[in-house]
Every structure is written in C-alpha cells, then in structure tokens.
Amino acid sequence: MSDTDAVNDEFWMARALALAACGRYSTAPNPRVGCVIVRDGQVVGEGWHRQAGGPHAEVHALRQAGEAARGATAYVTLEPCSHHGRTPPCADALMAAGVAEVVAAMTDPNPLVAGRGLARLAAAGIATRAGVLEAEARALNAGFIQRMLTGRPFVRVKLALSLDGRTAMANGESQWITGPAARQSVQRLRAEAGVVITGADTVLADGARLTVRPSELGLSGPELELATLRTPQRLLVDGRGRVPLDAPFFQVGTARVVGMAGEAPAYAAAGHDYLALPGAQGQVDLAELLTRLGREQVNDVLVEAGPRLAGAFAQAGLVDEYHLFLAPKFLGSSARPLLDWPLEHLAQAPQLEILSATPVGADLHLIARPARDT
C-alpha cells in the first residue's frame, strides 16, 4: 500500500468515525458504528447506526449508494456483523451490493462475530483490511468492547473539585464548585451512560436527582433527538437503607436501589426496583454489581458520588476512567476530600495517566485513567 492510499484510508475512516459518534447517546447496548462508501474518490453513500433494532450503518450507507456501491470501497468503523441478530448480517448486504473492498477500523470483539465477518467477505472475493484508526475506534466503543471481553461495563467516575482537591465544605455545601459549562459536560456524560450510579451521601446532602435534562445538553439536530430517546437508569447504592422515599431522587421517575436484604418491600411498593447484593457492614459488593449490569447489557456506567462511594470503586480497582472537573478556587483545609481512600506511604499512591485536559468555561476537564502495569 502506498503512502497516498494510507492517507486516503485514514481520511475516509475519520469521516466514518465522525458519523459513528452521532450515535453516542442512542445505540446502546449496540456499538456506535459509521460507514462511508467511496467510489473513484467520491462518497456515494454514508450512514451510521442510530439505535438498537434499527438498520446498521452499512445498510444506511448502501441504501444511499444504490448501484454506485458496485465496485466501491466501504469504510466501516467496526467489522461488519456476520450473524442474524435483530437485523440480518451486514456482511451479506455488502456482498449482495457488489462492493470490491471493505476496510474496517477494528475487528468486532463480540464472540458471535470476532473475525467471521471479514472472513466471510474475503471468502466471497472481497478485499478486506482492518486496523485503520483502530485506537480511535476503540475509544468510541470502550464500553461495548470491555463488556464483550470481560463481562463488565466501562466505569467512569465524575468528580468536581477545587484546586486544593476538595469536593465540599465541611458542612456539606458543594453547589456549585464548577460553572455552567462544566455542568453541561456532565449532562452529556450522563446521557452517554447506560447507568448512572450514586450513593446515599450524595442524595441526602445535595438532593441529587441524577436526571438528564435535554435543554442542558447543548446538542442540536439528530443528536439531541436521539439523546432524548434513551434515558440512563438511575441507580442508588444504599447499603443501610438511609434514603427515604420522599427524597427528590425518587420524585422524578422510577429508579433502582442496590443494597442489602430487608428494604425491598417499601421500594417495590413505590414502583422502584430493588437489587439485594452480598456485602458486609452495609457495604455492597461493587464488583458483583458491575457483573450484574454487564449481564443486563450495560456498556457504560457513570459514577457520580461522594468521597465514600467513589473511593470504594477506586480502592476496589473498578474505575476505568476519571473525569475530573477542576475549579479555579480553594475550599480550605477543613473542606471534604476528593476520595475516602486512606494511604500511609507515597509508594501506595495510585498512578494516573492523563489523557486530556480541556478548558470548559472557567474550569478544566481532566480525563485520566489508572496506569496499568505492563
């Protein structure tokens, strides 16, 4: 392959990834996928997967291309599926359309596909390649990939903090540490998640509802329309049953409560779901919770909680990514810490890898991941 061909591949795949990102708020539990069909250096069809049960990206693109798809190259952000699910196999649709080549950003981690889609195309005489902008494709579907490989969703922890690493005043006052732009970013993180998890401390101290408010998403067009189609499940971890049913959290629709045995009747009578998990001293087994959510096809989890629950996820090694909204202010030495995670020696300090630092209004949005041993 020439350097020119490689550049062209990346150009068209970047367009397919931009299309795939349009389904960021709507495709779960399916992955976000985009497709661009190119013939003689021109786009003849393109599409993206909108929501589970609907046509896949390849089908939208092929419909737009029509006969022009024959002899063309299809750029797809994920290996075309090869099995019958809620829709027919996309590999068969590409074969029937007569495309000459299929370029995939990555193979599908779904065991039902896992290379079979590309193999099926190759067996039909269609040239296939994979690995173009693979890192970008993986980042777009981190939750789907993790669930397929480990059975657990991808966990993001959102924390708002001051420059001196504090999250609330000593009396619990915390609204608002960050500004409107940061809160809009948090709304998008919520809309992107399949489940938003919070703890009793946050619900009791802040009157938190953890809802997605479309008017605050800052979206327009198809993204806004699709973001309103699927609202994330709101899940309260309350191992001691401390949050009363008249709390604001329970006044904005049904929710799910995770705790120990004994509180189910009151929640169920009010229309809420209760999940009893094993644990000790009022602390539920968070690893088991994530395993249960993975079985329910949840790709992405957002944890919005206080130092105790956020610290519990961190100490258990269950955090895949931190979203830290850093406000340019000090809260003082008596204010509450970021995480309830007692450490005695510097050698115990967890190392993070900062992925990005983006200004949001007057604040700074840091995205970091735990540094994994190699």
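**Entry 1: what I'm looking at.** I'm working with a predicted model. I counted up the secondary structure and got twelve helices and 18 strands in the protein chain.

**Entry 2: overall size.** I looked up the span of the C-alpha trace along its principal axes, and it is about 65 × 45 × 40 Å. Then I wondered why a radius of gyration of 23 Å agrees with a compact globule. It agrees because a compact globule with 374 residues would have a value near 21 Å.

Entry 3: How much of the chain is buried? Buried residues make up 49% of the 374 residues. The accessible surface of the chain comes to about 17,100 Å², and carbon and sulfur atoms hold 52% of that.

**Entry 4: who touches whom.** I took the contacts with a separation of 6 or more, and 70% of them join residues 24 or more positions apart.

**Entry 5: charges.** I found 34 positive and 38 negative side chains in the protein chain. The centres of the two sets lie 5 Å apart.

**Entry 6: helix α6.** I zoomed in on α6, which runs over residues 142-150. Which of its residues are buried? I got A142, G143, F144, I145, Q146 and R147. Next I checked what covers these buried residues, and the cover includes the helices α5 (134-140) and α11 (286-295) plus the strands β6 (154-162) and β14 (300-304).

**Entry 7: leaving the helix.** Just after α6 I reached G151, which takes a positive phi of about 85°.

Definitions and conventions
Residues are numbered from 1 along each chain as its sequence is written. This is a predicted model: local features need pLDDT of at least 70, side-chain atom pairs count only at pLDDT 80 or more; totals for chains, interfaces and linings use all residues. Side-chain values use heavy atoms; hydrogens and water are left out. Buried means under 20% relative accessible area, exposed over 50%, partly exposed in between (1.4 Å probe, protein chains only). Helices (H or I, at least four residues) and strands (E, at least two) are DSSP runs, numbered from the N terminus. Contact means heavy atoms within 4.5 Å. The radius of gyration is taken over C-alpha atoms; the globule rule is 2.2 Å times the number of residues to the power 0.38. Accessible areas come from the Shrake-Rupley method with a 1.4 Å probe; for residues, only the protein chains shown count as cover. Lys and Arg count as positive and Asp and Glu as negative; His and the chain ends are not counted. The place of a charge is taken as NZ of Lys, CZ of Arg, CG of Asp or CD of Glu.
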